[in-house]
Amino acid sequence: MEKLLGVRTNKLKILFFTDPHITTNRPIGRKDDYMATISSKLEEMIVLSSEMDYIIIGGDIFHRPKANIQELSIFVNFVNKIDENCQLYICPGNHDLLGYNYQKLDQTGIGLCDKFLPKLTLMQPDQAHVQLKNNVWLHFRPSTTKVQDNFMVQREEGINLGLMHDMLVEKPFFEDYVLIDDFNTNLDAVFNGHYHSGHSPLWKNQTFYINPGAMMRMTRNRTDTQRLPKYAIIYIYEEQKDRDFVVTYFPFQSYNADVFIDDIEEEIRPFFNNIEVKDPIGISAMDYINIRARDFDLTPAAQQVLTEIKGQLLTG
């Protein structure tokens, strides 16, 4: 990090990470103390905050819109421990919102945090444009149910940064997405979350695209199990982006490769142990299992085991 600073005085120092997905529910397939892992990574960010002017988080702060007390406590503790000279800016992700409805933000976990944490600024449609320092501006673009192919703003004089949470990717993806090559923007840099795999810092058409990937790994898919979670540090010296923007990714030091369950039966067992057996809308227990199963990103092998179990129930 000292080599990045060199002998010049920084104009701006930004720490960026995304998709912490704070939750008390350990994802299916993980065997570690998930909340402790989240806390340890946030603790790293707290330590770094003493060297930063700003921390920016690219959405999906919580894994569900209405976070519980423990989940709120983890984030509140993080915000309160950030260095007093470092300011925090966040945007909502799809997991933070109730049906992409920004008018209901006050009913969500991040909306509650925004009301009571003065160090936190929540970017939203009615506050989508703020001045950071000197001639540096941060713009926010809300997400919708459909991926958008642009982020055009009314530029201010100076450096214009953008923050969003959308499926903007470097290479074709199986979901609804927009390629960076096809994306239209007049910003100097775009900070993005949502796409958990992330991509290397990209300089395309006079714009930096920054997504180091999700802080937390939530599935046993190969892209997650083999991925090294990272955060980004951005140094802005002058306005000539190709020369005076320095964007570098660093791995979380608390990363542990061995956090996933290898045995498929071990993965399936918590699913049934934790499923709520109830009939809230008049559906059968089997239909309910099928609906709940879609909430879990099971591996093909695990899906096959679940299919066999359902078959035994139907024939037994």
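The mean pLDDT of the protein is 85. A value of 70 or more is reached by 78% of the residues. Where pLDDT is low, predicted coordinates should not be read in detail.

Nonpolar side chains in soluble globular proteins tend to be buried together. The largest nonpolar core in this model holds 68 residues. Phe17, Phe75, Phe78, Leu88 and Leu161 have the most contacts inside this core. Leaving aside residues up to four places away in sequence, Phe17 touches Leu42, Met45, Ile55, Ile56, Ile57, Gly58, Phe78, Met215, Tyr231 and Phe252. A second core is separate and has 15 residues. Leu168, Leu187, Val190 and Tyr195 are among them.

The disulfide count is zero. Cys91 is buried, because its relative accessible area of 0% lies under the 20% cut-off. Cys113 has a relative accessibility of 4%, so Cys113 counts as buried too.

The second largest pocket has a volume of about 160 Å³. Its lining is made up of Ser197, Gly198, His199, Ser200, Asn211, Pro212, Gly213, Thr223, Arg227, Leu228, Lys230 and Tyr249. Of these lining residues, seven are polar, three are nonpolar and two are charged.

Conventions. Residues numbered from 1 in each chain as written. Predicted model: local features only at pLDDT ≥ 70, side-chain atom pairs only at ≥ 80, totals over all residues. Heavy atoms only, no water. pLDDT = per-residue confidence, 0-100. Core = buried A, V, L, I, M, F, W, Y, C linked by side-chain atoms within 4.5 Å. Buried < 20%, exposed > 50% of the residue type's maximum accessible area, 1.4 Å probe, protein only. Contact = heavy atoms within 4.5 Å. Disulfide = S-S within 2.5 Å. 1 Å grid on protein atoms, 1.4 Å probe; cavity = no way out; pocket = protein on both sides within 12 Å on 5 of 7 lines; lining within 4 Å. Points joined across faces, edges and corners; volume = space filled by probe spheres on them. Nonpolar A, V, L, I, M, F, W, Y, C, P; charged D, E, K, R; others polar.
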